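User: I would like to learn how to read packing features in a structure. Please start with the terms and then go to the case.

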Amino acid sequence: MSNDNSSIHEFDLGLICEYFSHLERQGPGSPEVTIKALSFIEKLGDEAKIADLGCGTGGQTMVLAQHTPGQIKGLDLFPAFIDLFNKNAQKYHLQKRVKGIVGSMDQLPFHAEELDLIWSEGAIYNIGFERGLREWKAYLKPGGYVAVSEASWFTEERPQEIHDFWMDAYPGIDTIPNKMAQMQQAGYVPVASFILPENCWLEHFYKPQVGVQETFLKNHAGNKAAEDFVANQRHEEKLYNKYKHFYGYVFYIGKKI
């Protein structure tokens, strides 16, 4: 990567949180994709316990709650996200079943074999795909499911520019067959995997950022860190448009043995 394009790891967490608080989704996805991933999971009952890890403001969680029964807890590291999460639960009249809590996905506040389903859209990278699957399995009941979306390579080889970008952003990125093998090695039966369509990136993630970026820059006029962060987001979008045939997000669904 050139010196003009920073890694997201270099930015202040407060700025990142403020920026993404204004977006319905903090990563690529769509209601249709959430529902599709849920379709691979055996029907859950009213007593089911579900955790959405790295839930953000709950865009996907509310969709999940509208299409499955049971109790859902959303967990995220940022209190501001959880405040918005709980407001969204009230907005959709889901507060009796859906609750957001502040916490870390590497120290889950659940009991062993408590959960029927662990959900995580675009967030497992924070702990790492393999580590997350291994550690989270302890909290799933036998026969419980894990469903996560994860950045993945579509090809064995790719242009150097995008390879270098992802090696900096998330070295754990890998091909779909390798990710499925990692899921199996972690003790799950791989149930399904599917690639998220382009509209999950273009319409549901990048397009909503246009207006957010303008407001964000106005609110932080003269703040170089804020300007650099927006430049970084725009750079990521350009890379996606240029190299989207080589990578994207993939949903992986597994069942605990």
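Analyst: A contact means heavy atoms within 4.5 Å. This is a predicted model, in which local features need pLDDT of at least 70, side-chain atom pairs count only at pLDDT 80 or more, and totals for chains, interfaces and linings use all residues. Residues are numbered from 1 along each chain as its sequence is written, and side-chain values use heavy atoms, with hydrogens and water left out. With residues up to four places away in sequence not counted, Trp 136 touches Leu 53, Met 105, Leu 108, Ile 118, Ser 120, Ile 124, Ile 127, Val 148 and Tyr 188.

User: Which residues have the most contacts inside the largest nonpolar core?

Analyst: In soluble globular proteins, nonpolar side chains tend to be buried together. Buried means under 20% relative accessible area, exposed over 50%, and partly exposed in between, with a 1.4 Å probe and protein chains only. A nonpolar core is a set of buried Ala, Val, Leu, Ile, Met, Phe, Trp, Tyr and Cys residues joined through side-chain atoms within 4.5 Å. Here the largest such core has 80 residues, and those with the most contacts inside it are Leu 53, Trp 119, Trp 136, Trp 166, Tyr 247, Phe 251 and Ile 253. Strand 5 (residues 140-153) gives the most to this core, with 7 residues. Over the whole chain of 257 residues, 51% count as buried.

User: What do the buried residues of helix 1 pack against?

Analyst: Helices (H or I, at least four residues) and strands (E, at least two) are DSSP runs numbered from the N terminus. The chain has 10 helices and 8 strands. In helix 1 (residues 13-21), the buried residues are Leu 15, Ile 16, Cys 17, Tyr 19, Phe 20 and Ser 21. They pack against helix 4 (79-91), helix 8 (199-206), helix 9 (209-219) and helix 10 (224-243).

User: What share of contacts joins residues 24 or more positions apart?

Analyst: Among contacts in the chain with a separation of 6 or more, such residues account for 76%.
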